[in-house]
Amino acid sequence: ATRISTAILDMCDHHTSPLPIADLVVAADIMYMPSTGRAMARRAVEALKRGSRLIVGDSPGRPGRPAFLEELDKLGVVGEFVQVTGRTCCGERHDLICGDKSKSVSESPKEMTVDILDLDPTTCFR
């Protein structure tokens, strides 16, 4: 049987709050600042070294993405984002997630560009 579980943790606290063991780690919409980008890179390597596949979803142009990619490179990981077509969210959303200027929310689903990074732990390290 397939088992799916989720966990909430502090992405920036990789010293005292290790990732749970998982076959697949998914992270989305966290590249708001360079500090969260670097922290996500450290978490990515933590997951990949454990043998987890990692999928990261990110909206184009987030300020933390360059820091994320630079940190991954420093840590010996090779990968690049690929643009895919996604859909906007519908319904109520918290302002912290989707403020007034958010392009990811609409009254009915609309196409939008999303970037995906898919890392396989057996092939992503230099």
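This is a predicted model: local features need pLDDT of at least 70, side-chain atom pairs count only at pLDDT 80 or more; totals for chains, interfaces and linings use all residues.

Author: Residues are numbered from 1 along each chain as its sequence is written, and side-chain values use heavy atoms, with hydrogens and water left out.

Reader: How many salt bridges does the count come to?

Author: A salt bridge is a side-chain nitrogen of Lys or Arg within 4 Å of a carboxyl oxygen of Asp or Glu. By this rule, the count is eight.

Reader: Which residue's side chain meets Arg62 in a salt bridge?

Author: Arg62 sits in the loop between strand 2 (53-58) and helix 2 (65-74). Helices (H or I, at least four residues) and strands (E, at least two) are DSSP runs, numbered from the N terminus. The partner lies 33 residues apart, in the loop between strand 1 (24-28) and helix 1 (34-49). The N to O distance is 2.8 Å, and the partner is Asp29.

Reader: Is Arg62 buried or exposed, or in between?

Author: Buried means under 20% relative accessible area, exposed over 50%, and partly exposed in between (1.4 Å probe, protein chains only). Arg62 has a value of 22%, so Arg62 is partly exposed.

Reader: Which residue's side chain forms a salt bridge with Asp73?

Author: Asp73 belongs to helix 2, and the partner is in the segment after strand 4, 53 residues apart. Asp73 is partly exposed at 41%. The N to O distance is 2.7 Å, and the residue is Arg126.

Reader: What is the volume of the largest pocket?

Author: On a 1 Å grid over the protein atoms alone, a pocket is an open set of points where a 1.4 Å probe fits, with protein on both sides within 12 Å along at least five of seven lines. Grid points are joined across faces, edges and corners, and a volume is the space filled by probe spheres set on the points. For the largest pocket this gives about 740 Å³.

Reader: Which element gives the most to the lining of the largest pocket?

Author: Lining residues have an atom within 4 Å of a point. The largest pocket has 23 of them. Strand 1 and helix 1 each give two or more. The most, five residues, come from strand 1.
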